[in-house]
Amino acid sequence: MSAKSGHCRHYAYEGRMICRAGVDIGKVHGNALACLPNPKRPCDQREEFTAEEVEAENVRWKAIFERMVLCLAALPGAMPGTSGHIDCPACKTGRIDYVFSPGNGHCHARCTTPECFEMHQ
Ligand SMILES: [Zn+2]
(Lines give C-alpha, C1' and ligand atoms only; values in the text may rest on other atoms or scores of the structure.)
Protein backbone atom coordinates (compact mmCIF):
# COMPACT_ATOMS: atom_id res chain seq x y z
CA MET A 1 0.00 0.00 0.00
CA SER A 2 1.04 3.54 -0.46
CA ALA A 3 0.68 6.79 1.38
CA LYS A 4 -2.24 7.64 -0.87
CA SER A 5 -4.41 4.64 0.03
CA GLY A 6 -4.95 5.44 3.70
CA HIS A 7 -3.84 2.00 4.84
CA CYS A 8 -1.59 1.53 7.83
CA ARG A 9 2.02 1.96 6.75
CA HIS A 10 2.80 -1.58 7.90
CA TYR A 11 0.11 -3.23 5.79
CA ALA A 12 1.47 -6.00 3.61
CA TYR A 13 -0.11 -9.06 2.15
CA GLU A 14 2.29 -11.13 0.15
CA GLY A 15 1.17 -14.72 0.49
CA ARG A 16 1.04 -14.51 4.26
CA MET A 17 -0.98 -12.18 6.45
CA ILE A 18 2.05 -10.85 8.33
CA CYS A 19 2.40 -7.09 8.21
CA ARG A 20 5.68 -5.18 8.16
CA ALA A 21 5.36 -4.62 11.93
CA GLY A 22 5.32 -8.40 12.37
CA VAL A 23 1.64 -8.63 13.31
CA ASP A 24 -0.08 -11.82 12.16
CA ILE A 25 -3.12 -10.02 10.76
CA GLY A 26 -5.33 -13.10 10.53
CA LYS A 27 -4.47 -14.33 14.02
CA VAL A 28 -4.76 -11.00 15.81
CA HIS A 29 -7.56 -9.33 13.87
CA GLY A 30 -9.23 -12.18 11.96
CA ASN A 31 -9.02 -10.11 8.81
CA ALA A 32 -7.29 -7.00 7.50
CA LEU A 33 -9.99 -4.50 8.49
CA ALA A 34 -7.68 -3.03 11.14
CA CYS A 35 -5.18 -2.23 8.36
CA LEU A 36 -7.64 -0.39 6.12
CA PRO A 37 -8.33 3.36 6.12
CA ASN A 38 -10.36 4.59 9.10
CA PRO A 39 -10.67 1.28 10.95
CA LYS A 40 -13.31 0.86 13.65
CA ARG A 41 -10.78 -0.95 15.83
CA PRO A 42 -7.25 0.10 14.85
CA CYS A 43 -4.31 -2.16 15.59
CA ASP A 44 -2.09 -0.90 18.41
CA GLN A 45 0.85 -1.12 15.98
CA ARG A 46 -0.93 1.10 13.45
CA GLU A 47 1.03 4.03 12.03
CA GLU A 48 -0.36 6.51 9.53
CA PHE A 49 1.67 8.03 6.73
CA THR A 50 2.68 11.63 7.34
CA ALA A 51 1.02 14.54 5.54
CA GLU A 52 4.30 15.07 3.67
CA GLU A 53 4.33 11.45 2.47
CA VAL A 54 0.72 11.72 1.33
CA GLU A 55 1.46 14.95 -0.53
CA ALA A 56 4.55 13.44 -2.19
CA GLU A 57 2.43 10.49 -3.33
CA ASN A 58 -0.24 12.84 -4.70
CA VAL A 59 2.42 14.73 -6.67
CA ARG A 60 3.85 11.46 -8.00
CA TRP A 61 0.43 10.20 -9.16
CA LYS A 62 -0.43 13.55 -10.75
CA ALA A 63 2.77 13.31 -12.82
CA ILE A 64 1.96 9.71 -13.79
CA PHE A 65 -1.52 10.76 -14.90
CA GLU A 66 -0.19 13.70 -16.92
CA ARG A 67 2.33 11.44 -18.70
CA MET A 68 -0.42 8.90 -19.37
CA VAL A 69 -2.70 11.53 -20.97
CA LEU A 70 0.12 12.74 -23.25
CA CYS A 71 1.10 9.23 -24.31
CA LEU A 72 -2.44 7.99 -24.91
CA ALA A 73 -3.18 10.99 -27.10
CA ALA A 74 -0.05 10.29 -29.16
CA LEU A 75 -0.72 6.59 -29.77
CA PRO A 76 -2.50 5.71 -33.03
CA GLY A 77 -6.06 4.44 -32.93
CA ALA A 78 -6.54 0.76 -32.22
CA MET A 79 -5.86 -1.46 -35.20
CA PRO A 80 -5.85 -5.09 -34.05
CA GLY A 81 -2.74 -7.00 -35.07
CA THR A 82 -0.54 -3.96 -35.64
CA SER A 83 2.48 -2.68 -33.76
CA GLY A 84 4.97 0.12 -33.97
CA HIS A 85 6.68 2.86 -32.06
CA ILE A 86 6.44 6.60 -31.56
CA ASP A 87 8.67 9.19 -29.92
CA CYS A 88 7.55 9.62 -26.34
CA PRO A 89 5.76 12.95 -25.85
CA ALA A 90 6.15 12.74 -22.07
CA CYS A 91 9.88 12.32 -21.49
CA LYS A 92 10.85 13.42 -25.02
CA THR A 93 13.88 11.12 -24.95
CA GLY A 94 12.33 7.66 -25.00
CA ARG A 95 10.45 5.65 -27.57
CA ILE A 96 7.06 4.08 -26.93
CA ASP A 97 6.79 0.59 -28.39
CA TYR A 98 3.20 -0.55 -28.78
CA VAL A 99 1.25 -3.54 -30.02
CA PHE A 100 -2.47 -4.06 -30.53
CA SER A 101 -3.57 -7.63 -29.91
CA PRO A 102 -4.80 -9.34 -33.08
CA GLY A 103 -7.64 -10.96 -31.14
CA ASN A 104 -9.26 -8.22 -29.13
CA GLY A 105 -7.34 -5.07 -30.08
CA HIS A 106 -6.09 -4.52 -26.55
CA CYS A 107 -3.00 -2.32 -26.44
CA HIS A 108 0.28 -2.99 -24.70
CA ALA A 109 2.68 -0.06 -24.76
CA ARG A 110 5.82 0.98 -22.89
CA CYS A 111 8.30 3.82 -23.07
CA THR A 112 11.96 2.88 -23.21
CA THR A 113 12.63 5.37 -20.40
CA PRO A 114 12.24 3.56 -17.08
CA GLU A 115 9.30 4.73 -14.94
CA CYS A 116 7.92 6.93 -17.75
CA PHE A 117 4.88 5.21 -19.26
CA GLU A 118 3.51 1.70 -19.51
CA MET A 119 0.05 0.35 -20.17
CA HIS A 120 -1.58 -3.02 -20.65
CA GLN A 121 -5.18 -2.52 -21.59
ZN1 LIG B 1 8.84 8.40 -22.09
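Where is lysine 92 placed in the chain? Lysine 92 turns up in the loop between strand E1 (83-87) and strand E2 (95-100); helices here are DSSP runs of H or I with at least four residues, strands are E runs of at least two, and both are numbered from the N terminus. Residues are numbered from 1 along each chain as its sequence is written. This is a predicted model, in which local features need pLDDT of at least 70 and side-chain atom pairs count only at pLDDT 80 or more, while totals for chains, interfaces and linings use all residues.

The phi of lysine 92 is near 65°, a positive value in a residue other than glycine. Most residues other than glycine have a negative phi. Lysine 92 counts as exposed, with 10 C-beta neighbours inside 10 Å (exposed means 12 or fewer other C-beta atoms within 10 Å, buried 20 or more, partly exposed in between, with C-beta atoms placed from the backbone). Asparagine 38 also has a positive phi, near 50°. Asparagine 38 sits in the loop between helix H1 (25-29) and helix H2 (51-74) and is exposed, with 6 other C-beta atoms within 10 Å.

As for the inside, 15% of the 121 residues are buried.

Overall, the chain has 2 helices and 4 strands, running α-α-β-β-β-β from the N terminus.
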